[in-house]
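Dear colleague,

Please find the structure below, handed over for your use. My findings follow it.

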Amino acid sequence: MPVSYYIILASTLFCIGVAGVLTRRNAIIIFMCVELMLNAVNLLLVAFSKMQNIATPPGGVTVGGTDAQLFVFFIMVVAAAEVSVGLAIIVMMYRNVHSIDINFLNRLKN
Amino acid sequence: MIALLLILIPFLTGLAAFFMREGKMARNWSLFSSLLTLLCIILLITNSVSASNASFDIAWLPFLGSRFTLAMTGMVKMLVLLNAIIYFIVFLATFKRAFIQPGRYFGLMLLMQAGMMGVFLAADGLVFYFFWELALVPAYFLCSQWGNEKRIQATFKFFVYTFIGSLLMLIGMIIMHGKTPDHSYALQSFMHANLSLTEENFLFWLFFIAFAIKMPLFPFHTWQPFAYEQSDTSITIVLSSVMVKMGLFAVLRWILPIFPHAAVSNSHLIIILGVISLLYASVIAVRQNDLKRLIAYSSIAHIGLMCAAIFSGTVPGMQGVMVQMFNHGIIVAGLWITAEVIETQYGTRKISELGGLAQKAPVLATLLMIMALGNIALPLTSAFVGEFLMFSGIFQYSIIIGAVALISIILSAIYTLNMVQNIFYGNTLPATQDATDINRNAKYAMIILTVLILFLGFYPQPLLQLVNDSVQGILSGLNFVLK
Amino acid sequence: MNALVLCIPLLPFLGFLIVGLCRNKLSKTMSGILASGVIGISFILTLVIFFSHSYSPNAITYFNFISNSQYNIPFAFQVDQLSTLFMLIITGVGFLIHVYSTAYMSEETPEHYARYFSYLNLFVFSMLLLVLGANYVIMFIGWEGVGICSYLLIGFWFKNNQYNYAARKAFIMNRIGDVGFLLAIFWLLARLGSADYSIVFSNASTLSVTDVTGITILLFVGAIGKSAQIPLYTWLPDAMAGPTPVSALIHAATMVTAGIYMIARSNVLFSMSPVTMDIVAVIGLATAILAASIALFQNDIKKVLAYSTVSQLGFMFVALGVGAYTTGVFHVMTHSFFKALLFLGAGSVIHAMGGEQDITKMGGLRKKIPITYWTFLIAVLAISGFPFTSGFVSKDEILMAAYAHSQPLFWLTTFAAVLTALYMFRVFMLVFLGGFRGSEEQQHHLHESPPAMTIPLIILAVLAAIGGFVQLPEIFGGHDYFNEFLAPVVPAFKHVGESMAVQEYYLLGGTVVGLLIIFLLCKKWYAVKHFEGKYTGIKNVLAHKWYIDELYDAIIVNPFNNIAGFLKSIVEKSGIDGIVNGVGRFIQYSSRQVRLVQSGMVGNYILIMVLSITVLFMVFWNQDLIIGFLQKIF
C-alpha cells in the first residue's frame, strides 16, 4: 500500500481532532479529540517507520524500521498516564463546579 | 595601590557602617572614612606617594577579556579630590542631624562614593560599567528612603532614566569589545579598535546618550529637578556635585579618545544642544519659586555650558571644562548646604515664603552671597576662571554661538540675584520671624568651601596645572583627526 | 617698587577683610579709622609713585593667572601716567568720601556701619584693580568687582525692597555691558593670542578692519553698561537708592567713569575704527542731551544729580568720539571733583533736612548751612562752566574738540551744556534760595554738618575751583600740563591752532553772558516761596523720564517674564516632561490593552495556537518567495 494512504488517513484523523478541540465545549470530548490527534500522529509514525528504513544489509534479510514503532509504545504509555491524570482532573472539576464546560473555566484570566 | 585604596576605603567602611545601629557611631565612622580618603588623594596630589603607585592592574574576568585596571590622569586626580572633599563636607555639614536608620544611610552613602571613585579611576570598560552601576544603585535606595513626599516617584524616574542610559552604554561596551583587535575591554584597546565611520558614529551616539542622560543635557534633563527636589539635600549635594560630573568625565575619558572622528563630526549639533540647555534652563530658573528646583535648573545650565565647551575642541574650552567640573562641584555644594539649612531650620523651601533672613542670619547670608557670586561666575571666585576659559573656547569655535551662549551670564545674574534678594533681603515673613543663624557644622563646611572658592579664583594655577596633561592628551587625539 | 604697587590695591582689600570679618567686634570709631586709614595710605603711596615719576610702559607681572598653550594671562599691573591719574582720583576722592561717610553713616548700628565700610573698601580695591591691570582680563576682574560692590552698596539698606530692585537692576544692566566686554576680550584672544595692552596695541595693525570695528564696538558696549549711556543708562538714577556718599564715590566720581578709562586706554584700537568713533560720539551726545532734559524736571535732589552724571558722561564720550581722549580723561578728573562735591553737598543737605530728598520741600537753606551753601555754589558754577573753574576748562576743551570735528556736533553739545547750567541753577535756587517749604519739625532740625563732612566739602571745593589750571588754554596764560603728562599713553588731540584763539574768547564771553541770563531766569522761576513741582504737557513727559523705564518694562522685561513662564509651565512641564511621562503612560496603557488578549478562554488559546502554527507552515513553505519580496522592497 502506498504511504500516501496512511498520510491521508492520519491527516484526516488529526484534522477531526483539531476541529473537535476547537468547536466542542465539553472537556471530555475535547480530551478525546486530543487523544485522536495523538493517535493520528502515532499512526503516521508507525507508517513512516515502516517505509523509511527498508534496506537489505549485506547477506541479511530485508527489515523495516522498528525504532519509531518502539517510540509509539512509549507515547501510548505516556498518553495512558496523561489520560488518567486528565480524567482525574475532569472528575475533580465536575465535583467542584458541577460542569465540565470549558468556557465556564476561564479562571486563568485572573 | 593607592588607587585601589581610594576605592577600598569607602567600600569597606561602607559595608561596615551597615552594621552600626547607633547614629553617633555611624556618623563618626563615616567622617573618619571620608577624612582617610581625602588624606589619600592629597598625598597623591602633593606627590608624597610615588607615581608608580598611582595605577593598579590585576586579572579580573579573564574569560571576558576584562582586567581590573585603574589609571590616574590629572583630571582623574582632580575629580577624585572633588569626590573626597564633597563627602567630607557633606558629612561635616550634616554631622548634627539625626537620620533614620543611620547605619544604612551612611553605608549607602559610602558605597556610592566607592562607586564614583571606581568610575573615575577605571581604565577598563567592564570595570567602568560595574562601578557606574555601583554608584547608581545606592543612589536609588538613598533617594527613595530619605527624602520628601514624592520621593518614590522621583526616584523611579531617576532610576529608569539613568538605567536606560546604562543599558545603552553596556550595549556599546559589548559591541566595542567585539571590535577590539585583542578582544578586551581595556580603554587602550578601545582606542585602537577598527571602526568604520558609520560604526563609529553609531557607537558614539550610544555612549553619548548614556552620558547625556547622566549630565543631564537638554532634552534628557527632566529627571534631574524632580530628583533633586525630592531627595534629601545631603544626597542631592552628592548627586549634583559629583555624580553629574560622571557624565562629563565619561565623555572626556571614554568618548573623545575612542570616537574622535564622530566627536568632531557631531560637535556642531552637540554644542548647539549644550547652548540650548544652557539658555533654556537659565530662563526656566528665573521663574522658579522652589529653592531646590532653582538650584537644579542652574546646575543644568552650567552643565550644558560645560558640554558645549568639551565639544568646542579648543585648548581653553577643554581646560575650562576640567577646572569648572571641580569649581562647579564645590560651589553648587555650597548652594545646596544653604538650601539644606534653610529647609531644615525654617521648614520651607518656597522662595516666596522666605525673606529678611539677612537680619536674622547674617552669617548664612554672607556665606550664601559668596556662593551666589560663584554661581554667577564673578571674577575672583573660582567659577570665573572656568567659565572664562569655556566661553573663550566656544567663541573660538564659533563667534555667533559664543555670543549667544554669553547671554547666559545675564540670565544667571537675574535668577541668582532674584534668589538672594527674595531669601535674604526685604522684611521678615512668618516663616523667618524667629529664624536662627546657620548651625556651627554647616558653617564650618561652608567656610572651607568659601576658602577654596576664593583661593582658586585668585590663584587657579594649581588646578590648571593638575589637569594640564589630560588637556594635552585629549586634544592631541582630536587634533590628529582634524589634520 | 613692585611691592609698593601691590600694596596700593592690597591695603583696601585688607581693610575690607578686617572690617568685614570683625564687624561684630569693632567699634564704630575703629572701623571708620581702619577703613579710611587704608585708603589714606594707598593715596600716599600713589602720591609717592606720582612724584617719583616711576612710570613704566612695561607691566609688573606677579604670577600667571590663566595660562595655556594658546594664551597666557598674567596677573600683572601697569603703572603708567593714565593709571596713576585714575589711582590718584580713586584713592584721593575715595579717601575724602570715606572720611565724610564716618559722619554721614553715624546713625547706623556698629555692625552695619562696619559692613558699609567693608563694602566701600572692597569697592576701592576693585576699582584700583580695574585701572592697574596690565591686560583686559585684570581690567575685567575689577570691572565686575566694582559692579558687585555697587550692587551691595545700592542695596545697603536691604530691608527696603525698592532699593533691592534698584541694586539688581544696576547689576543686571552692567552685566549686559559685560557681555560685550567679554566678547571683545575673547575676540582679542582669538586673533592676537593675548589680552596684554602692550601686545595688543603693538600688534593692532595686524587686525583687519572688521576685527577692529567688532572689537571696539563690543568694548564700547561694555562702556555703555558701566558708564550708563543710552540705552543702558536707566540703572544709574535708580542707583541713588544707596547712601549718598556711595553715589558720590561710585556713581559719580569713579566707577561710572570706568568706561572712559577703558576707551582712553584702548585709544590705539579706537583710532583705527572711524565707524566706532562716530557711534561713540553720537551715543555720547544723545545721552548728554536726553539726560540733561530729564534732569530739568526732577524733584529728587539725588535724581537730578544722577541724570546730570549721565549727561556729563555723555560729554566725555563726545570727547572720546571725536578723538580727544585726553580731554575726555580730563573731564573725568574735573567731573570727579565737582560731582563728588555736589553729591556730598546734597548729602549734607539731606542730613540737615533729616533724610528729606525732595527739593520742593526745601528752600532758603543758605543761612542755615553756610559751608554747604558755599561749596555747593562752587560746584554748581564749576559744572555749569563758569570761567576759570575746572568745569569751564574741561568743557571748553570738549566743545573745541567737537567744533574741530563738525559744526552740528558743536552746537548740540553746547545746547547740552546750556541745559546743564539750567538744571543745576534750578536745584541750587530751590534748595538754597527763596523761603523754606518744609515742615516745622524739619526747620527746627536744620543744622550744619559736622567737620568730618564739611572738611571734605571744602577740599573738594578748592579742587573744583582750581583743578582746571593744569590744562588752562595758552591764551589765558596756561599750559597743557595735563596733556603732556598723559602724552606717553594717550596722544593729545591736535586742535590748538592760531584760529582757535579767537573762538576761545567768543566762548569765554558767551559763557559769561549765557550763565548770567540763565542765572537770572532761574532766579525768577525758582527762587520763590512756594513751589509745587507739578508739571503738565511736555514737562510732565520729562518729569517722567520720557517714560523710558515703562517702555523697557513693556518691550523687554514683561515679554521676557512671560517667555520664562511659558517655558517653565508649558514647554517644560507639558512638553518635554509630558513626552517623557507620556512614554511611561503609553507603556502602561498598552500593557493594559495587551493584557486583555489573555482572556482565560481555553478555546481562544487553542484557536490562536492552531492559527499561528498554520501561518508558520505557510511562511516556511513560501520562504523563498517572502525573502525575494523583502529584498525587492529594501
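**Helix packing in chain B**

Helix 14 of chain B and helix 17 of chain B are roughly antiparallel to each other, because the angle between them is about 150 degrees and angles over 145 count as roughly antiparallel. Please note that this is a predicted model.

The two helices span residues 315–346 and residues 382–397 of chain B, respectively, and their axes are 7 Å apart. The crossing of helix 14 of chain B and helix 17 of chain B is left-handed. On the side of helix 14 of chain B, the residues that meet helix 17 of chain B include B:Pro316, B:Val323, B:His328 and B:Ile331. Helix 17 of chain B contributes, among others, B:Ser382, B:Glu387, B:Leu389 and B:Ile394. By class, the residues of this contact comprise 10 nonpolar, 10 polar and one charged.

**Contact between chains B and C**

Chain C and chain B each bring 38 residues to their contact. On the side of chain C, at least two residues come from each of strand 1 (60–67), helix 5 (136–154), helix 6 (161–192) and helix 24 (548–595). Helix 6 of chain C gives the most, with 14 residues. The side of chain C that touches chain B has 20 nonpolar, 10 polar and eight charged residues.

**Chain A**

Chain A contains three helices and zero strands, in the order α-α-α along the sequence. Chain A has 110 residues, of which 10% count as buried. Of the contacts in chain A between residues at least 6 apart in sequence, 45% join residues at least 24 apart.

Yours sincerely

Note on methods. Residues numbered from 1 in each chain as written. Chains lettered and ligands numbered in written order. Predicted model: local features only at pLDDT ≥ 70, side-chain atom pairs only at ≥ 80, totals over all residues. Helix = DSSP H or I, 4+ residues; strand = E, 2+ residues; numbered from the N terminus. Buried ≥ 20, exposed ≤ 12 C-beta atoms within 10 Å, placed from the backbone. Contact = placed C-beta atoms within 7 Å. Axes fitted to C-alpha atoms, helices over the stretch in contact; angles between N-to-C directions. Parallel < 35°, antiparallel > 145°, perpendicular 65-115°, else oblique. Left-handed = near helix turned anticlockwise from the far one by under 90°. Nonpolar A, V, L, I, M, F, W, Y, C, P; charged D, E, K, R; others polar.
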